[in-house]
Amino acid sequence: MTVPSSAGEPTSTAELQRFPGTDTDPAAIVAAVAQDGAAIVERLLGPDRLLELQNELDPIIDASAFGKDGFVGRRTRRSGALLAHAPSSHEIALDPVI
């Protein structure tokens with residue numbers, strides 16, 4: 001895939017490797033991240049878990065201020081300690097696939 005850079009010159013980008021959310025070997029994901037810088041794990045979290053996280057985090061994110069300059073993004077909200085604000089995230093953070 002080729003996309004234009006900020007200078008308008010073409011820049012090639014890698015296709016990210018995709019993994020199923022179940023029965024995925026964490027070592028394979030680590031290898032993909034080491035190679036490409038990121039990986040996609042599809043459907044790892046179900047809709048109920050995502051809704052629970054959203055309900056816990058929306059008030060925190062909504063209360064966070066927008067960035068004050070172009071470096072952090074004037075339309076970007078900066079929130080911290082998300083694990084402390086979302087108890088349902090604790091199990092997710094400890095999942096070996098994640």
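Trainee: Where is Ile98 found?
Mentor: Ile98 is in the segment after H4. Helix names come from DSSP runs numbered from the N terminus (helices are H or I with at least four residues, strands are E with at least two). Keep in mind that this is a predicted model, where local features need pLDDT of at least 70 and side-chain atom pairs count only at pLDDT 80 or more, while totals for chains, interfaces and linings use all residues. Residues are numbered from 1 along each chain as its sequence is written, and side-chain values use heavy atoms, with hydrogens and water left out.

Trainee: Why is Ile98 called exposed?
Mentor: Its relative accessible area is 54%. Buried means under 20%, exposed over 50% and partly exposed in between (1.4 Å probe, protein chains only). Since 54% is over 50%, Ile98 is exposed.

Trainee: Which residues does Ile98 touch, not counting residues up to four places away in sequence?
Mentor: Those are Leu44 and Ile92, where contact means heavy atoms within 4.5 Å. Ile98 and Pro26 are 72 residues apart in sequence, yet their C-alpha atoms are 7.8 Å apart in space.

Trainee: Turning to Ser88, what makes it buried?
Mentor: Its relative accessible area is 8%. That falls under the limit for buried, so Ser88 gets that label. Ser88 lies in the loop between helix H3 (82-85) and helix H4 (89-93).

Trainee: With which side chain does the side chain of Ser88 make a polar contact?
Mentor: With that of Glu56, at 2.6 Å. A polar contact is a pair of N or O atoms within 3.5 Å; within protein, one must be able to donate a hydrogen and the other to accept it, and residues adjacent in sequence count only if both atoms are side-chain atoms.

Trainee: Why does Ser64 count as buried?
Mentor: Ser64 has 12% relative accessibility, which is under the buried limit, so it counts as buried. Ser64 is in the loop between helix H2 (47-63) and H3. Beyond its neighbours within four places in sequence, Ser64 is in contact with Arg77, Arg78 and Ser79.

Trainee: How many salt bridges does a search of the whole structure find?
Mentor: It finds 3. A salt bridge is a side-chain nitrogen of Lys or Arg within 4 Å of a carboxyl oxygen of Asp or Glu.

Trainee: What makes Arg18 and Glu42 a salt bridge?
Mentor: Their closest N and O atoms are 2.6 Å apart. That distance is within the limit, so the pair qualifies. Arg18 lies in strand S3 (residues 18-20) and Glu42 in strand S4 (residues 40-42), so this pair ties together parts 24 residues apart in sequence. Arg18 is exposed at 52%, whereas Glu42 is partly exposed at 28%.

Trainee: Which residues are linked in a network of salt bridges?
Mentor: Arg49, Glu52 and Glu91 are. The side chains of Arg49 and Glu52 meet at 3.6 Å, N to O, and both residues lie in helix H2, 3 residues apart, about one turn of the helix. The side chains of Glu91 and Arg49 meet at 4.0 Å, N to O. Glu91 lies in helix H4 and Arg49 in helix H2, so that pair ties together parts 42 residues apart in sequence.

Trainee: How do you know that Arg49 is partly exposed?
Mentor: Its 24% relative accessibility lies in the in-between range, so Arg49 is partly exposed. Glu52 is partly exposed too, at 36%, while Glu91 is exposed at 58%.

Trainee: What lies over the face of Phe66?
Mentor: Arg75 does, at 4.6 Å from the ring centre, and so does Arg77, at 4.1 Å. A charge sits over a ring if NZ of Lys or CZ of Arg is within 6 Å of the ring centre and within 35 degrees of the ring normal.

Trainee: How many helices and strands are in the protein chain?
Mentor: There are 4 helices and 4 strands, following the pattern β-β-β-α-β-α-α-α along the sequence. Buried residues make up 16% of the 98 residues in the chain.
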